[in-house]
Structure formats: C-alpha cells, structure tokens
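Please look over the structure shown below, with attention to one chain and its contacts with a partner.

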Amino acid sequence: MSESHSLARPHVHGSIIEIIPVPDDAPLSRAPRRRRVGRVMALALILLLPVLLFGLFGPWMLLHDPAAISPAHALRPPVFAGGTWIFPLGTDHTGRDMLSRLVDGARNSLMVAFFGVALAGTIGTAVGLLAGYFRGATEEVLMRLVDMQLAIPPILLAVLLAAVIGGGLLTVIVTLAVTFWPTYARVVRAETLIQMQQDYVALARVAGASRWRIMRVHILPNVLSVLVVVATLQLGAAVGLEAALTFLGLGMQPPASAWGLMISDGKLYMSQAWWIPAIPGIAIVITVLGANLLGDSLRDRLDPRLRQL
Amino acid sequence: MVRYIVRRMLFGLLALWMVSMVVFAAMRISGDVTYLLVGMDATEQEIATIRTQYGLDRALPMQYLIFAGRAVQGDFGTSIKYGVPALELVLSRLPHTIILSLTGFTLALLIGVPLGIMAASRRNSVVDFGATGFALIGQAMPGFWVGIMLQLVFSVRLGWLPTSGSESWQHLILPAATVSWFSIAAFMRLTRSSMIEALDTDYVKFARVKGNPEHVVVLKHALRNAGIPLVTFAGMNLGALLGGAVVVESIFAWPGVGQLMIAAIGARDYPTVQAAVLVTATMFISINLAVDVLYGLLDPRIRNE
C-alpha cells in the first residue's frame, strides 16, 4: 500500500526549512512562467547534449587517437583560425588532436562528476535522514559534524585530500564526495523534518512499519525531488572543481585526456597557440552552464523553496 | 547574546581542532617523511637519529599531541624546504594573500552591486539582460581558466600587464580581477533579486507616490532594505575568496599562502603545509565567526537558534 508516494506527490511546505525564499521574478501568471522555465530547460539540454554524447559514445566518435603524439603536426590552429578539417580544433604542442582529446576528456570529467556527486548524495542523504528521523543526540552529533566541515574552505579540503591519496580518477571522486556531502545532509534533514509531521508517517507507524522501512519506503521517496535539484546544481560545481584539481596537478594524471590537464598543458604554449588553453575551458563553461540552468529550471519546477542553493 | 557568541567561538575552536587532525593525518598517511629528511645514502644509524630528532619514532597519537601542543604555542617546526620556522614563513606570505583577497572583494562589491541595482531598477531592459547573462556565464567559468584567459588577452596579446610576479601594483590587477570574477556575478545576482523584492514592497510604492525622485526611491528606500542579505553574503564571500585565492596565486606566481601551500604539498614539506592550512583555516573561521556575531547583532531571531 505504501509504495505510492511518488515524485508527483505535492510537498506540504512547512516553515522549518531555513532557506530564505528570494523571489526572482515579478508576479507573472503561472502560464508564461512555466513556459519560461521550459525554455530554460530546453537551452540547458541543448548545451548538455553534445557533452553527454561525447561522454557516452566518445570512443566511437574519435577522429584520431587522443594519445597519439606526432611532432610533425604540432600546434596546428583550429579550422576557424586558418587550420584544416583534418584537425577541426587544431593540435596541441605534441601534435595530438584537440577535438579527440576533448571528446575523450568529456568521459573522464562526466564520470568523475557523476560518481562524486552520487557518492556525496548517498552519504549526505543517509546522514540527513538519520538526523531528521532520530533527532536528539544523533541529530546533534551529525549536524555539528556537518557544520564543522562547512567551516573548512572546500578547496583546502580538496587539495589536502588529493595530496594524501595521490592523483587519479578515484581520488577526485572521493574528494568531490567529501566536499559536497554536507549540503545534502542539511537539505535532506530539513525535508525529513517536514515529512515526519505528515499523517502518512504517523499512519505507517501505527500500521507497525519498522523505522528502517519508514525511512526507506515513506520518507526517502518524498525527499527525492529535493535531492535531484541539489545534485544537478552540484554537478556543475563538480565539473569545475575536478578541472581545478586536475589543473593543480592533484587530479587526473597525464597521459589521460582531461580538460583540466589540457588547460595546464596549454598554459605553457599560450603565446604560440591560444586554442590549447581556450578550447577545453569553453567545454567546461558549456557543461557547467548547462548543468546550472538545468538545476535552476528543475528547482523552479519541483521545489521553488530551494532558490538559495 | 553572550551565550550565542561563546557558542559560536567554541564551535570555531572545535572546527579548528578538526582541521588540525585532518591536516596532521593527511601529511602522515601520504608516506614516510623520514626519507625526505635524510640523504639517499644515509646509514641505518643516521635514519634512526633523524627519526628520534623529529619524534617520528613515536606512536602517531603521541606525535599528534606533540604537534598540537607545539602548534598552540605557535611552533610548527622548521620548513624542510626553506630551513626557516614554518609559521614565520607562512606569516611572511600572509600580507600578499590578504591584499589579493581584499582587492578582489572590493572589486566585486564595486562592480557587482551597482550592476545588480541597475538591472533591478530597469527590469527586462538591455542592461538587465546583459548583466544577467554575464552573471550566468561568469558563474560557469572556472576561476583558474578565467585567470589564464586574462593572461592570454592582457599579457600575451596586448602586452598591457605583466603575466606573473608581484613587483608592482600592475601585477595585482589580473590576479585580483580573477579572484573577484565569480563574486562579481554572485553579488550581481543577489543584489538584483533582493532589489526586485524590495522594489515591490508597499513602502517603496508609497515613497514613489509621495513624489520622491526615482533615484532616491531606489537608492535610499529600496537598497537599504535589500542590504541585509547582501551583508550576510558579503561576509560569507570574503571567506570563499580566501579559499579561491589558493588557486589564483599558483597561476600568477603571486607569493601568497596559497602558492606556498601548493608548492609545499608538491615538495612534501609537511611543517609548512600544516602551518599554511591552519593559518588559512583560522582566518576563514574567524571571518565566519565575525559574520555570525554581526548577524546576531542585526537580527535577534538568529541568536535563539
């Protein structure tokens, strides 16, 4: 009977959540507003589509081997700056094809961001659910832990962690998870507190459902929409942080194709070849912008209370 | 109020304690530091001497207690790379980081807030769309890339400004612009949305009906009330700028704490890393504490949370 609390179930908006609503729009009537949200979402998907395609089908879309060094073809400009279609986005200082490396790098960036955010979401949701359900000492300890972590500058934490575990794909995923989990814990706890006051929770309890079952079957599905919004907004931040860590030499290591790595390589050659640092950065901007816009529009549609995130 | 402040301070100390454990553990887990201290051809005897000298032969919890006990007294040990006291080294770099962060912060306020006010008071105008679009795209740009692109345009192409270093005030312009980039966009968006809210209130409409000129309505009546979320955000943002400076300093070879820290991590100079991380965390936590206290003074409801 209880499996029916789907995503579509409307939230009852309580006042416990400590998020200040910031109206971003004039009191439009509902129809044009919804249309606008739809347009933003379409734009977001258009921006994200190529990145997703590269990420998923990259290995079948390569023009050249992204790791193939060929000094004879070094520093060729992109086609729109006087280059040829053989290397549409030019080549880097070792003659590797920029487009192939960009496509190949998309998989790394997306994979790291996706798993990092997913891991952070799992940990944060568990903590938030437990804190919100059990209250009392459990809540106090868990939420103080969250506060404490938020008192540390994230980049500091990331740099330290990356330094400890050494560079690599897994390191960045762990770093992202450790950096991002507190946000989920806070949001999920607030949402759990609201759900706990709903009749269906009381009824489930009366019906003899165990605590574990109530949390899993009754509360979790009702906090999902909030989770989706936070995760999407963090996806953009994760792509940015991954690139920054990699750029500092703490993330993905050469000869892997990663956008941050392409930028740090390109920095040294920027006087001869502006496209090496510029192009991967544009790819990052497109991805982050797409994820942010998607997150914004999902938030407006699913849960306008989360404006502040 | 006193209780509130004491609570926040205890909390800051607790956070600092956690940072100290994390950084200590981080530097020890990542490998045995003894081999950095001795030469390649060191004998067993020499290694043992060094280990005793640096206390590396003791159990880890004991090592932490010794480290923490000394750190409280301002003794972080001697930098392995530079051979000077680590804290002194970090503190000598601190002014550079403060100058960079404060300049970036001032730039962000001076550009972001007026842009936000203009966008809000002329909604759906060219100014509004331009500023909003800039903010959206600006927030999507990673800081380190903005820095490199600014170098590319203003140093490499135009040759107007130096690429890196810190010899003159011209050296400050590009790093400060990079540090402020994200914050300009954030300030602009926040100012715009709180101004739009304030402009829609009854007292603003009333001020308009009374015949006040529009600029008085906007700047005096609306801005004053839109200011409260701005103050909070500005405080939070100053802390974030400090963190962001870590990356920017490395790009521009700006000799601040962040650049020192990244270099020290690379060289596994653990006394310097520990000192740099703890100094940065102390500043970050102090700023947040000051913001919390200020906010508690401004808004009595917060104190009872």
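What pattern does chain B follow when read along the sequence? Chain B follows the pattern α-α-α-α-α-α-α-α-α-α-α-α-α, with 13 helices and zero strands, where helices (H or I, at least four residues) and strands (E, at least two) are DSSP runs numbered from the N terminus. This is a predicted model, in which local features need pLDDT of at least 70 and side-chain atom pairs count only at pLDDT 80 or more, while totals for chains, interfaces and linings use all residues. Residues are numbered from 1 along each chain as its sequence is written, and chains are lettered from A in the order in which they are written.

| Property of chain B | Value |
|---|---|
| C-alpha trace span along principal axes | about 90 × 55 × 30 Å |
| Buried share (20 or more other C-beta atoms within 10 Å of a residue's own, placed from the backbone) | 41% of the 305 residues |

Turning to the partner chain, 41 residues of chain B are in contact (C-beta atoms, placed from the backbone, within 7 Å) with 34 residues of chain A. Among the helices that each supply at least two residues of this side of chain B are α1 (2–29) and α10 (214–252), and α1(B) gives the most, with ten residues.

Terms used: A residue is buried if 20 or more other C-beta atoms lie within 10 Å of its own, exposed if 12 or fewer, and partly exposed in between; C-beta atoms are placed from the backbone. Two residues are in contact if their C-beta atoms, placed from the backbone, lie within 7 Å.
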